[in-house]
Amino acid sequence: FLIGELDSARDYLATALQRHGDNRYVVDLWAQLAAERGDENEARQALARLEIIDRPVYFNFRKSRVEWRFGKIEEARDSALVAFNEDKDRPPFSVVAQVVLCDIALEKVDEATIFLGKLDRDFGDIRRDVRTGLHCRLQIAKGDFTEALRLTNRFVQKDSPYYRIIRHDA
């Protein structure tokens, strides 16, 4: 899956689902793979199973990512917020980042700024490049391309495709 061999990954996943169809990690991977393949029906089948076997915070996060993948940004934000509210005191990094990403896409810059501040406060130097990328995306959404370019200097991995994409967009 990670190296892009989706057909092969699907074959291996089918075997894993037969043996471990109640394992939340296997079912989560099923949802990810189906979404990556563009199979919305299969992704939703995986989500239906995941809802039964996983914690609500992780189910709603995955649901948000699936909605995002299929261009349903409002629904993605709704699910990300449900996940966030499952553990308001210390939601996982990925959940808060997903809320920020949705807010930026929906041009809710004030909300994105608040959630991005929480991400910075709660996670310090964890996943610095992800946070930097979100800061850059927020500045682009605000129309401040100069600041977005300046912020790209904070990237640690300047050889990453994400860094180059952000620089290009800014």
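Hi everyone, let's begin in the loop between H7 and H8, where you will find Arg127. Helices here are DSSP runs of H or I, at least four residues, numbered from the N terminus. What we are looking at is a predicted model, in which local features need pLDDT of at least 70, side-chain atom pairs count only at pLDDT 80 or more, and totals for chains, interfaces and linings use all residues. Residues are numbered from 1 along each chain, and side-chain values use heavy atoms, with hydrogens and water left out.

Most residues other than glycine have a negative phi. Arg127, however, has a positive phi near 50°. Glu107 is not a glycine either, and its phi is positive at about 60°. Glu107 belongs to the loop between H6 and helix H7 (109–123).

Is Glu107 buried or exposed? Its relative accessibility is 64%, so it counts as exposed. Arg127, at 48%, is partly exposed. For these words, buried is under 20% relative accessible area, exposed is over 50%, and partly exposed is in between, with a 1.4 Å probe and protein chains only.

Now for the largest pocket, which holds about 540 Å³ of space. A pocket is an open set of points on a 1 Å grid over the protein atoms alone, where a 1.4 Å probe fits, with protein on both sides within 12 Å along at least five of seven lines; lining residues have an atom within 4 Å of a point. The volume is the space filled by probe spheres set on the points.

Which helix gives the largest share of the lining? That is H4, with six residues. Among the 18 lining residues, Phe61, Arg65, Trp68, Gln98 and Leu101 lie nearest the centre.

Definitions and conventions
Helix = DSSP H or I, 4+ residues; strand = E, 2+ residues; numbered from the N terminus.
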